[in-house]
Amino acid sequence: MSSQQAPQLVFTAEELDLLGRSADALSAYMGKPVLAEVIDAGETGFEWVVFGVPLDIQDDPGDHVLVQIGGDGAKLIGNTGGMIIADGDVFDCEYLWAIQLSDLEGVRFIKVNQEGEEIAWTENLRDILPFIMNDEPAADDDPDDDSYDDDDDRDDDIYGSDFDPPRTLH
């Protein structure tokens, strides 16, 4: 009788794309590179991804929870915050969080904070990401749609009769 091992838990291409786009959005939001590395399932039986910000020269490593990202064979996702990274480059980074895959019923993703505590469990990856990633295009603005009525009361005494209040975009 042959023993069968349970299949390793790995991210789908769509999940990897979403995680990479999350790293890119974080880079833009924080104004500094955010790296995301997928850690192979070989040792644990499940893949996980770690997010970190490379330390700057003036950063004191003692002030941060550290993780090394990169190295030979590293699987970085996203656009690496605009950094040019050569094969084998390793970066000391401030650990932001990790997301690991799970085989628990009703739980595919587990988010792990800086203290190593599991802080969120979900079947939907979007539920634990810091930004709402939406693949749907934004609605077109209708230039003929005024969001205010020209007869609205305006305080002409303060602003003058030529004051045109800002319009709310939809």
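Trainee: Before we start, what counts as a helix or a strand here?
Mentor: Helices (H or I, at least four residues) and strands (E, at least two) are DSSP runs, numbered from the N terminus. The model is predicted: local features need pLDDT of at least 70, side-chain atom pairs count only at pLDDT 80 or more, and totals for chains, interfaces and linings use all residues. Residues are numbered from 1 along each chain as its sequence is written, and side-chain values use heavy atoms, with hydrogens and water left out.

Trainee: Ok, where does Pro130 lie?
Mentor: Pro130 is in the loop between β7 (118-122) and α2 (156-159).

Trainee: What is Pro130 in contact with, leaving aside neighbours within four places in sequence?
Mentor: Leu26 and Trp97, where contact means heavy atoms within 4.5 Å. Pro130 and Ala23 are 107 residues apart in sequence, and their C-alpha atoms are 9.8 Å apart in space.

Trainee: Switching to α1: which of its residues are buried?
Mentor: Among them are Leu16, Leu19, Ala23 and Leu26. Buried means under 20% relative accessible area, exposed over 50%, partly exposed in between (1.4 Å probe, protein chains only).

Trainee: And what covers them?
Mentor: The cover includes β1, β2, β4 (75-77), β5 and β6 (109-112).

Trainee: What is Leu19 in contact with, again leaving aside neighbours within four places in sequence?
Mentor: Phe11, Val49, Phe51, Ile77, Ile99, Leu125 and Leu129.

Trainee: What happens just after α1?
Mentor: Gly31 takes a positive phi of about 75° there.
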